[in-house]
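Welcome, and thanks for taking a look at this one. Please have the sequence and the model open side by side as you read.

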Amino acid sequence: MATVSLDRVDVRFPDGTAGLSDISLDVRDGEFVALVGASGSGKTTLLRTVAGFLRPSGGAIAIDGTPVAGGGAFVEPEHRGLGMVFQQHAVWPHWSVGRNVEYPLRMRGEARARRRELATAALERVGLGGFERRDPATLSGGQRQRVAIARALVGEPRVLLLDEALSALDEPLRDRLRLELHALTRELGLTVIHVTHDRDEALALADRVVMLDGGRIVQAGAPEELVERPATADVARFLSDAALIEGCADDAGFAATNHPLRLPAPSVSGARGTVTLAVLPEAISIEPGDDAVVTASLYGRDGSDVVLDWAGVAVRCRSRAHRPKVGDRMRVSVARAIAYPLAIDEQEAA
Ligand SMILES: Nc1ncnc2c1ncn2[C@@H]1O[C@H](COP(=O)(O)OP(=O)(O)OP(=O)(O)O)[C@@H](O)[C@H]1O
């Protein structure tokens with residue numbers, strides 16, 4: 001178990017691209033942190049920088065209080081005490097399962113008998129007891145990923161880094177491995193940093209979700225905090241599929257600029273002035289009427305997942321009472337919404 005501390009970390013690539021800018025993040029001992037954000041937001045760069053595959057161009061990183069990068073320090077990846085699981089190519093195909101799992105121990109110079117003993121225990125832990133002699137080519141995708149997890153755990157890492165570790169798997173296997181991974185890491189009290197493009201996976205697994213945008217942290221907090229109190233309109237859109245509508249908010253309420261939406265003041269929290277209004281799917285209800293046209297309607301266990309074209313804005317909501325069909329016309333009611341100040345460059349573009 002260990003803490004991971006990033007202090008004002010910058011990463012600039014040789015071509016000048018800023019990979020990370022001013023990242024400060026303290027991952028607590030035993031905490032499960034999920035990194036989310038759009039493609040190119042810097043998730044993998046952050047993970048690779050903690051792993052030691054990338055050197056920060058500014059700032060410092062410490063693992064369990066020991067500096068590993070920055071301020072003249074640089075500890076090579078293999079000496080950082082980390083376990084890593086990636087999406088693909090995680091298992092060497094020409095080695096038996098046992099040899100794959102033993103690899104980190106061999107690198108560390110453990111004696112053969114001890115390696116065997118630890119590899120057997122790690123395989124049992126991921127539900128693959130007795131698989132030591134198997135050829136990875138004879139395993140299912142889920143079993144191969146379990147081998148990768150066993151290999152990451154065998155050296156009793158201080159921190160586990162997961163980069164889209166479950167993304168290549170199909171449901172329901174992925175769901176099962178997600179539950180197992182969560183139980184296992186909690187049981188071992190491991191500190192975990194998990195990169196995923198799957199929002200629901202991040203919200204389900206993490207103690208804390210960190211959302212990145214353009215190499216910066218835009219919000220870090222408990223899953224419910226990001227869902228209920230998104231820091232920006234983009235967080236609301238990215239994590240919760242909020243519809244974003246521009247307009248003006250004042251003491252009288254909200255009036256959209258190019259849209260029929262009007263809301264009374266008590267329904268609008270947040271900023272006043274020229275704003276982007278974020279309307280979360282939970283705040284929208286629909287009934288047959290004339291405001292909007294259904295463009296998608298997918299059945300789900302918790303009601304239909306409905307997307308509507310509401311005067312040019314795509315709006316998403318759940319409908320328990322109705323299961324509308326594509327093309328149906330609906331009346332839309334908005335119970336509440338959050339207003340965010342419109343950025344200066346957005347105002348100029350508007
Ligand atoms: N070796 C590199 N050289 C130059 N730019 C790079 C390099 N690696 C990544 N980048 C850039 O750094 C930014 C962050 O990339 P990164 O791979 O961390 O994003 P990501 O959030 O993991 O994206 P994805 O979800 O698509 O994997 C992107 O703009 C990317 O193009």
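Here is a short briefing on the fold, the core, the helix packing and a few individual residues.

This is a predicted model. The protein has 350 residues, of which 39% count as buried, and its secondary structure comes to 9 helices and 21 strands. The domain assignment divides the protein into domain 1 (4-228) and domain 2 (241-349).

**Overall layout**

- The C-alpha trace spans about 75 × 45 × 35 Å along its principal axes.
- Between the C-alpha centres of domain 1 and domain 2 there are 38 Å.
- If we take the contacts between residues at least 6 apart in sequence, 65% of them join residues at least 24 apart.

**The largest nonpolar core**

- A set of 98 residues makes up the largest nonpolar core. The residues with the most contacts inside this core are Leu-35, Ala-150, Ile-193, Ala-278, Val-279 and Ala-337.
- Helix H4 (residues 141-154) gives the most to this core, with 7 residues.
- Ala-150, one of the residues with the most contacts inside the core, is in contact with Val-101, Ala-122, Leu-123, Arg-125, Val-126 and Leu-128, leaving aside its neighbours within four places in sequence.

- Two packed helices are described by the angle between their axes and the distance between the axes.
- For helix H3 (residues 112-125) and H4, the axes come within 9 Å and cross at roughly 130°. H3 and H4 are therefore oblique to each other, and their crossing is right-handed.
- On the H3 side, this contact is made by Leu-118, Ala-119, Ala-122, Leu-123 and Arg-125, and on the H4 side by Ala-150, Leu-153 and Val-154.
- H3 also packs with helix H2 (residues 97-107), at an angle of about 125° and with the axes 9 Å apart. H2 and H3 are therefore oblique to each other as well, and H2 passes H3 in a right-handed crossing.
- H2 makes this contact through Gly-98, Val-101, Glu-102, Leu-105 and Arg-106, while H3 brings Arg-115, Leu-118, Ala-119, Ala-122 and Leu-123.

**Ile-284 in strand E17**

- Ile-284 is found in strand E17 (residues 284-298).
- Is Ile-284 buried or exposed? Ile-284 counts as buried because it has 24 C-beta neighbours inside 10 Å, where 20 or more are needed.
- Not counting residues up to four places away in sequence, Ile-284 touches Val-279, Val-315, Cys-317, Val-332 and Val-334.
- Val-315 is 31 residues from Ile-284 along the chain, and the C-alpha atoms of the two are separated by 8.7 Å.

**Helix H8 and the residue just after it**

- Helix H8 (233-240) is largely enclosed by the rest of the structure, because 6 of its 8 residues are buried.
- The buried residues of H8 are Ala-233, Asp-234, Val-235, Ala-236, Phe-238 and Leu-239.
- Just after H8 comes Asp-241, with a positive phi of about 55°. Asp-241 belongs to the loop between H8 and strand E12 (243-250).
- With 17 other C-beta atoms within 10 Å, Asp-241 is partly exposed.

- Most residues other than glycine have a negative phi. Glu-156 has a positive value, near 50°.
- Glu-156 is placed in the loop between H4 and strand E8 (159-163). Glu-156 counts as partly exposed, with 13 C-beta neighbours inside 10 Å.
- Which loop holds Gly-16? Gly-16 lies between strand E1 (4-12) and strand E2 (18-27).
- Gly-16 is exposed, with 6 other C-beta atoms within 10 Å.
- Gly-16 and Ala-335 are 319 residues apart along the chain, and their C-alpha atoms are separated by 46 Å.

Conventions:
Residues numbered from 1 in each chain as written. Predicted model: local features only at pLDDT ≥ 70, side-chain atom pairs only at ≥ 80, totals over all residues. Helix = DSSP H or I, 4+ residues; strand = E, 2+ residues; numbered from the N terminus. Buried ≥ 20, exposed ≤ 12 C-beta atoms within 10 Å, placed from the backbone. Contact = placed C-beta atoms within 7 Å. Core = buried A, V, L, I, M, F, W, Y, C linked by C-beta atoms within 7 Å. Axes fitted to C-alpha atoms, helices over the stretch in contact; angles between N-to-C directions. Parallel < 35°, antiparallel > 145°, perpendicular 65-115°, else oblique. Left-handed = near helix turned anticlockwise from the far one by under 90°. Domains from an automatic or database assignment.
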